[in-house]
Amino acid sequence: MATSKTHQVMPLTSRSWLKSLARLEQKKLTLSAIWGVLAGGHTVLLVVGLAWVIDQLVIHGRSPISLTVFFFGLMAVVLLRSIFQAMQEASSAEASLRIRQHAREVLLNKVATLGPVWLTRQQSGAIATQAVEHIEALDGYFARFYPQMRIVVALPLLILCIVGWLDYLVAIFLLLSAPLIPLFMALVGMGAERLNRDQFMAVSRLSAHFVDRVRGMTTLQLFGHTKSAQKEVWHATDEYRRLSMRTLRLAFLSSAVLEFFSSVAIAVVAMYVGFGLLGYIDYGPSPSLTLFSGLAVLLLAPEFFQPLRTLSQHYHDRAAALGAAESVVAILNEPDLVPSASSMPHVDNAVIELHRADVGYEGRATVLAAVDATIHSGDVVAITGESGSGKSSLLALMAGFMKPKSGECRYRHGGQVAWLDQTPCIIQGSLADNLRLAAPETGQASMIRALQRAGLGELLSQLPNGLESVVGERGVGLSGGQAQRLTLARVYLSEAKLVLLDEPTASLDAFTEKAVIQALLDWAKEGRTLIIATHHPAVVAVANRHFTCEAGQLIEAAS
């Protein structure tokens, strides 16, 4: 891939990212808000109808039987309101699910573009927490808070119009008291947002801390530091507990602020209605107050504040989403480290072309400068050099795990790369599970044949469960040589034409080293391209090309 000048792109913020996610399901979220307004409208209809029925029974002396039709009408309104509420919840839940699926896919795709080199500098527990818990924390924002933001604008306006028609003084008072509530909620919410961000950072640190201690439990036991590790985990969990309690206190404070102002407003409306009906107030529309209009505005006053009350209940969902999005956006803003494989080489039969490429990890010094090299299909390439001379960095560049710092690198392997190093990646699971990492659709016969080619046929025959025998993470239950051979078998199953090996024979006994070298010869006969970083003369001897990393330069030895 040829490197070019990157355009200045504004980095994502948590708010802009949440807005972009909302646009993906804008129709569903808008529909959810519409259902919510319809449900609220039927509540208004129910309240006004109930006030009218009471007025008819008490003031006009009508019998309940004569109002049977109206009672059935009110029951129908209740039923419709329930249906609209269910449709609102279903629409918002579906939109939230799709948004979270998309957000998780974007995050995982970004991690893939950052590549293995970036992942080695991260804590797996923190990444897992961001991909699971932080994405799930967006649910309340999109399923409840976001639609409620639309409802809280439309529904109070509808109620205000009806109250204004019944008694404009009550409407004016409600209109004046309403802005105080979101103002104080916003002030409280600023602190809640910051605390939620700190809380999500704390839970990420706690996850990473716990996973690291569990992985290093054997080492901690050997050195007698299990007690101190236990105390460290306790302190980390206690810090998370304190942050959680502070966040909850602010959430309760936000609800208390709303309840206080709404209760005062409703109490004032009740006093106005009561004194107006008793004739103690003689101003504006108060002389024309009736039981119907007074009871209707009194019942509508709580409904006017109900959307704001519901918004307050879900306001912590917004703070939680912003806090969770903060850590996810930090990953999304990372510059891509894995190059695209779309560019084709200019040289026929070339798998990799390097032209004036500077090799080095992001944020560190260049280890190899102005590298010019072309790797052809079928080459067996040995790369030697002292430790720290850039062999592993060069392999990572050739594998497509990182970009050149300058210059260009063109690929033709299409991302089909098999990787083998001195610390094999063995997952917790059966032998078959580990082999399927390279070929998910492979059959048992192919797996057995690959294990036999790798020299594990005898071990397989001794295992009572055969391919279903379980091995631990990082090869627990296998010797170092057996773990290396299992990785060899995985490469045998892989259809990758490019095989990169980083010190594949380091720390191996002579017998296993011989098996690895034989595997190299077998792969070469199959037409695969091999690139091997090594110190061993025996491995160099089977290569047809030999490069040396020396003094920041890549030098090819004469064949």
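A salt bridge here is a side-chain nitrogen of Lys or Arg within 4 Å of a carboxyl oxygen of Asp or Glu. What you see is a predicted model, in which local features need pLDDT of at least 70, side-chain atom pairs count only at pLDDT 80 or more, and totals for chains, interfaces and linings use all residues. Residues are numbered from 1 along each chain as its sequence is written, and side-chain values use heavy atoms, with hydrogens and water left out.

**Confidence**

- The predictor's confidence in each residue is called pLDDT and runs from 0 to 100; the protein averages 80, and 86% of the residues score at least 70.
- Helices (H or I, at least four residues) and strands (E, at least two) are DSSP runs, numbered from the N terminus.
- Among the elements of the protein, helix α2 (residues 26–58) has the highest mean pLDDT, 92, while helix α7 (residues 180–215) has the lowest, 61.
- Residues 1–8 have a pLDDT below 50, and this stretch has 14 contacts in the model beyond near neighbours in sequence, a contact being heavy atoms within 4.5 Å.
- Residues 341–345 also fall below 50 in pLDDT, with 12 contacts beyond near neighbours in sequence.
- Where pLDDT is low, the predicted coordinates should not be read in detail.

- The structure holds 13 salt bridges.
- Buried means under 20% relative accessible area, exposed means over 50%, and partly exposed is in between (1.4 Å probe, protein chains only).
- R100 pairs with E136 in a salt bridge whose closest N and O atoms are 2.8 Å apart. This pair links distant parts of the chain, since R100 sits in helix α3 (residues 68–119) and E136 in helix α4 (residues 124–136), 36 residues apart.
- R100 is buried, at a relative accessible area of 10%, whereas E136 is partly exposed at 36%.
- R100 also meets D139 in a salt bridge (3.3 Å, N to O). D139 belongs to helix α5 (residues 139–166) and lies 39 residues from R100; with 24% relative accessibility, D139 is partly exposed.
- R104 is partly exposed, with a relative accessible area of 21%.
- Elsewhere, E25, K28, E94 and R98 are linked in a network of salt bridges.

- Two strands pair if DSSP finds at least two bridges between them. Three strands make an open sheet in the order β2-β1-β4, with antiparallel pairing.
- At the edges stand β2 (368–376) and β4 (406–411), each with a single partner strand, so one side of each has no neighbour in the sheet.
- From one strand to the next, the twist averages 10 degrees.
- Strand β1 (residues 350–359) and β4 run antiparallel and are joined by five bridges; C409 in β4 is the bridge partner of L354.
- Helix α12 (residues 391–399) packs on the sheet, touching β1, β2 and β4, and its direction makes about 130 degrees with that of β1. Axes are lines fitted to C-alpha atoms, for helices over the stretch in contact, and angles run from 0 to 180 degrees between N-to-C directions.

**The residue T529**

- T529 is in strand β9 (residues 529–533) and is buried, at 2% relative accessibility.
- Leaving out residues up to four places away in sequence, T529 touches V351, I375, H376, S377, G378, D379, K497, L498 and V499.

- M447, A450 and L451 are buried in helix α14 (residues 444–453). Seen down the axis, the buried residues of α14 fall within an arc of 100 degrees, so they line one face of the helix; the arc is that of the directions from the helix axis to the C-beta atoms.
- These buried residues of α14 pack against α13 (431–435), α15 (457–462) and α16 (480–493).
- The face of α14 turned away from its buried side carries the exposed residues A445 and Q452.
- G455 follows α14 and has a positive phi, near 90 degrees.
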